[in-house]
Amino acid sequence: MEVAEKLKILADSAKYDVSCSSSGSDRKNTDKGIGNASLCGICHSFSADGRCISLLKILMTNSCIYDCKYCINRASNNIQRACFTPQEIADITINFYRRNYIEGLFLSSGIIKNPDYTMEMLCEAISILRNKYHFNGYIHAKTIPGASQDMINKLGLLVDRMSINIELPSNQSLKLLAPNKEKDAILEPMKYIKNTVKQDRKFVRAGQTTQLIIGATPESDFKILSLAEGMYGKMNMKRVYYSAYVPLNHDDHLPALKKPPLLRENRLYQADWLLRFYGFKVEDLLDDSHQNFNELLDPKADWALHNMDYFPVEINKADYYTLLRVPGIGVLSAKKIMAARKHHKLTFESLKKMRVVLKRAKYFITCDGKYFASTSFFNSNLISSALIHDERKLLIDSTDTVQLSLFEPTTKDRVECITGQL
Amino acid sequence: MHHWTVIDCTYLYDGSLEGILSVVYTCLKDKQIPNMVIEEENYVGNLFEQPKMISTNLDHSSYILEQIQEKVSDLALYYVYTSFLSSDKKKANALLHYIIYAFKYGFKINQMKSIDCVIEVQRIAKNVKYEAHRFSGFIRFKELENKFLYAEYESDNDILTFLADHFSDRLQQEIWMIHDKTRFQIALYNRDEYIIVDSKTIDLTIIESDQEDYYLQLWKDYFKNITIKERENRRCQRSFMPKKYWKYLPETKG
């Protein structure tokens, strides 16, 4: 099979692993080498689905001995199978890199023979890049479920990031849809990597990540987010990715969705940001009686409306994490406010000048004791309908399809998700 | 600045950073500020205005730079250099006010986020830096038959030095050229250091290597195959990657 044909098949099969990051590594170039890693990552292009392309994301092979029900590459699917040689992978990567198409390589694989054999193949391809071509760009490799510690050691010293995908957010779902993968086969390598990262700076220096599939199984947002919170807390996960389920196979155990649940995925990303940067805990946002996010409002605005006694917040006195609780004030705005108010009192005018967006924030703040309007406006029903009206408008303005559906994430949402400005 | 006179006059400069700094020097000496500073090339006068051309004096401009370094901060210097690279016609005026305030407040100047000229200069610099960052991803090299790498682009701001710095490290073993077609300048790197020259003085006949088509096609195919059709959202794609960049992004050409 020609390389071009292999690339078509093996890129196509790899795209459902949504991680696109090339950030987090401080890898420097070496004397006779090529490449370096950019700490904040670099986007080289954007695909027609709006996702950033920063790595060459491919499978070593899409042959697999497992038969996970949701996976396009499951053993029982009748699809065209292909396999790269390690040299072919190294060649494409280095030539794409020289032309500045990519930041580096994301290498995954179906499982051939057994987990360690597969890991060995990944090591071989990446070795050629690191040792023969002196490549110092970014490499993200998948941890194959069930891999031994020896193989993880070997691969971890060659790459910047490793990841192993949980995919199914509960043990029952895992048993139902991916019976070949034991829970421990996923969690043990994860734990091992977490502990080894602590001991060796050069081992998986950009940390590990994981992915959860949203909507293939019945877990609530509460369950999913609690799992993510655990990952960040106990496993030092750098990122959890949420991938809206795209129906690829027909199976009795899989839901027949018409469209992937993109809005739900978007709300989870917004909540994920609240956990990581805004000082929120899952229990602030969801609980047993309120298990799923409000589709009409982002999680932060929703929290604010249910916690009105927290507001209004005085811009000139509130601490950083209190400022972050205000809908419409994100990390950048909060920092600007903290810096500017050291020198003079802030008014609504000065906030506007500093480009703090007041459209939503105005309902929740005072400047030197003054509210933006009469105090009768500080009413959760009134504010709620104003915020929902705005959100609807955003959704209607920004959807790409003629059929406007209320339940589509907006371009603005996506941008704000990435910049963290909520 | 309340003790300074604002005179009803427009100062002009020659378009260089030294030109702007010479204006700053002049204002500091005369203790007066014009109501506008514009690059001479962009000046459109009217019957009532009597513009004044401030000639560029390298001693004056060096002095101002040294003073910023000593009395203000490296960060202020960074803002001055970076916002100068912008194509924003109001940059000179913003810089004039910024530097004068900077001498007044010292290193605190960059925290004073509700002074207009501080906001303006920081905004302009951020804009330049952001474009440089975007282009570090959007630049595409072609391999030429002598194995050199060649890239070309058009940009709003003068980001060539940022790009040259970036690729001097990343592609340090390669010989490459990066051509800024907007400003007719080209950075040339020889595995040791780079220089920037006027592109009109160079013969830019491009002969691609015989591998070039092969890898370009692989990239185009990869780009197409990576889309998840069920998530297609062209508007989102365009908001991250505006059409103005597509001219030099071969993967967008199907």
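Visitor: Where is the place of A:P312 in chain A?
Guide: This is a predicted model. In it, A:P312 sits between a helix, α10 (299–305), and a strand, β9 (313–314). The place is the loop between α10 and β9 of chain A.

Visitor: Which residue does a cis peptide bond join to A:P312?
Guide: The omega of this bond is about -5 degrees. The bond is cis, and the partner of A:P312 is A:F311.

Visitor: What is the phi of A:D368, and where does this residue lie?
Guide: A:D368 lies in the loop between β10 (365–366) and α15 (380–398) of chain A. This residue is not a glycine, yet its phi is positive. The value is about 55 degrees.

Visitor: How many residues of chain B are in contact with chain A?
Guide: Chain A brings 68 residues to the contact. On the side of chain B, the number is 52.

Visitor: What is the area buried between chain A and chain B?
Guide: The size of an interface is often given as the accessible area lost when the parts come together. Here carbon and sulfur atoms give 55% of that area. The total buried between chain A and chain B is about 5600 Å².

Visitor: Which residues of chain A lose the most area to chain B?
Guide: Three residues together make up 13% of what the chain A side buries. They are A:R98, A:R99 and A:Y101.

Visitor: How many salt bridges does the rule find across the interface of chain A and chain B?
Guide: Side chains of opposite charge can pair when their charged atoms come close. Over all chains the count is 40 salt bridges. Across the interface of chain A and chain B, the count is 8.

Visitor: Which residue forms a salt bridge with A:R99?
Guide: The closest N and O atoms of this pair are 2.9 Å apart. The partner is in chain B: B:E212.

Visitor: Why does the pair of B:E143 and A:R98 join two chains?
Guide: The two residues form a salt bridge, with the closest N and O atoms 2.7 Å apart. B:E143 lies in strand β4 of chain B and A:R98 in helix α2 (residues 86–98) of chain A, so the pair joins two chains.

Visitor: Which residue in β5(B) stands opposite B:E143?
Guide: Strands β4(B) and β5 (residues 149–153) of chain B run antiparallel, joined by 2 bridges. Opposite B:E143 stands B:L149.

Visitor: Which are the edge strands of the sheet of 5 strands in chain B?
Guide: The sheet is open, its pairing is mixed, and the order is β4-β5-β6-β7-β8. An edge strand here pairs on one side only. The edges are β4 (142–143) and β8 (194–198).

Visitor: Which helix lies across β5, β6, β7 and β8 of chain B?
Guide: This helix spans residues 160–170. The angle to β6(B) is about 165 degrees. The helix is α6 of chain B.

Visitor: Why is one side of β2 and of β3 in chain B left without a neighbour in the sheet?
Guide: These strands belong to an open parallel sheet in the order β2-β1-β3. Each has a single partner strand, so one side is left without a neighbour: the edges are β2 (32–39) and β3 (52–53).

Visitor: What is the bridge partner of B:Y11 in β3(B)?
Guide: Strand β1 (residues 5–13) of chain B pairs with β3(B) in the parallel sense over 2 bridges. The partner of B:Y11 is B:K52.

Definitions and conventions. Residues are numbered from 1 along each chain as its sequence is written. Chains are lettered from A and ligands numbered from 1 in the order in which they are written. This is a predicted model: local features need pLDDT of at least 70, side-chain atom pairs count only at pLDDT 80 or more; totals for chains, interfaces and linings use all residues. Side-chain values use heavy atoms; hydrogens and water are left out. Contact means heavy atoms within 4.5 Å. Buried area is the accessible area (1.4 Å probe) that two parts lose on being put together, summed over both. A salt bridge is a side-chain nitrogen of Lys or Arg within 4 Å of a carboxyl oxygen of Asp or Glu. Two strands pair if DSSP finds at least two bridges between them. Helices (H or I, at least four residues) and strands (E, at least two) are DSSP runs, numbered from the N terminus. Axes are lines fitted to C-alpha atoms, for helices over the stretch in contact, and angles run from 0 to 180 degrees between N-to-C directions.
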